[in-house]
Amino acid sequence: MTEPATKTVRPDMAFLLSHPAHWIALGGGSGLSPYAPGTVGTLVAIPLHMILIGWLDAAAVLAVAGALFLIGCWASARTAIDLGEVDHGGINIDEIAAFLAVLAIAPDGWLWQAFAFGVFRFFDIVKPPPIRFFERSIPGGFGVMFDDLLAAGYTLLVLVITYRVLA
């Protein structure tokens, strides 16, 4: 794969539609949000989960999240090259796939989903150890995706502890 361009490109609708990888990496357009595209991408996972859970069980939804992770590795790598920035803020398939995995495992109910959303965003933004280390150490599309997978893992740990305390 080639190196990213030297000048960062600001994605727009034409960029989004110019390659399937762009559409995937930018969350179907949610990454074009001028404000908090990562948060918008995380929000995209909620209706996606609602649609999928109507047809699939939780294990199958988790498998879909895994497939999105793998596809996201490719799409993020390709889009990063075209944008000229390794982890451009508009690339939010990482948040979508990771939070979809959280929702597949989280307890049912909108309060649990809202709590999970807040906890996931906290870990994704703050990037406590070792998340920041891996974000900086792993190159390419896998690196873009992996730090959000770790944030999802931290989120699930907090959910389990909270659920056990409240149960």
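A nonpolar core here is a set of buried Ala, Val, Leu, Ile, Met, Phe, Trp, Tyr and Cys residues joined through side-chain atoms within 4.5 Å. Buried means under 20% relative accessible area, exposed means over 50%, and partly exposed falls in between (1.4 Å probe, protein chains only). In the largest such core, which has 42 residues, Ile-91, Phe-99 and Leu-100 touch the most other members. This is a predicted model, so local features need pLDDT of at least 70 and side-chain atom pairs count only at pLDDT 80 or more, while totals for chains, interfaces and linings use all residues. Residues are numbered from 1 along each chain as its sequence is written, and side-chain values use heavy atoms, with hydrogens and water left out.

**The core and helix α5**

- Helices are DSSP runs (H or I, at least four residues), numbered from the N terminus.
- Two or more core residues come from each of α1 (13-17), α2, α3, α4, α5, α6 and α8.
- The top contributor is α5, which gives 10 residues to this core.
- Of the 13 residues of α5, 12 are buried, so the helix is largely enclosed by the rest of the structure.
- Among the buried ones are Ile-93, Asp-94, Glu-95 and Leu-103.
- The buried residues of α5 pack against α2 (20-25), α3 (37-55), α4, α6 and α8 (140-166).
- As for length, α5 reaches 19 Å from its first C-alpha to its last, close to the 18 Å expected at 1.5 Å a residue; the expected span is 1.5 Å times one less than the number of residues.

**Phe-99 and Thr-42**

- What is Phe-99 in contact with, leaving aside neighbours within four places in sequence? Contact means heavy atoms within 4.5 Å, and the partners are Thr-42, Ala-45, Ile-46, Gln-113, Ala-116, Phe-117 and Phe-120.
- Thr-42 sits in helix α3 and is buried, with a relative accessible area of 0%.
- Not counting residues up to four places away, Thr-42 touches Glu-95, Phe-99, Phe-117, Phe-120 and Arg-121.
- Thr-42 and Phe-117 are 75 residues apart in sequence, yet their C-alpha atoms are 7.5 Å apart in space.

**Aromatic pairs**

- Rings of Phe, Tyr and Trp (its six-membered ring) pair if their centres lie within 6.5 Å; planes under 30 degrees apart count as stacked, over 60 as edge-to-face and the rest as tilted.
- The whole structure holds 10 aromatic pairs.
- One of them joins Phe-99 and Phe-120, a tilted pair at 5.5 Å centre to centre with 40° between the planes.
- That pair links distant parts of the chain, with Phe-99 in α5 (residues 93-105) and Phe-120 in α6 (residues 110-126), 21 residues apart.
- Both Phe-99 and Phe-120 are buried.
- Trp-112 and Phe-115 make an edge-to-face pair, because their ring centres are 6.3 Å apart and their planes sit at 75°.
- These two both lie in α6, 3 residues apart, or about one turn of the helix.
- Trp-112 counts as buried at 18% relative accessibility, whereas Phe-115 is partly exposed at 34%.
- Ring pairs also link Phe-69, Phe-133, Phe-134, Phe-142 and Phe-146 into a cluster.

**Helix α4**

- The 26 residues of α4 (residues 58-83) should span 38 Å at 1.5 Å a residue, and the end C-alpha atoms are 35 Å apart, which agrees.
- There is a bend of about 25° in α4 at Gly-72, taken as the angle between axes fitted to the seven residues ending there and the seven starting there.
- After α4 comes Gly-84, whose phi is positive, near 80°.
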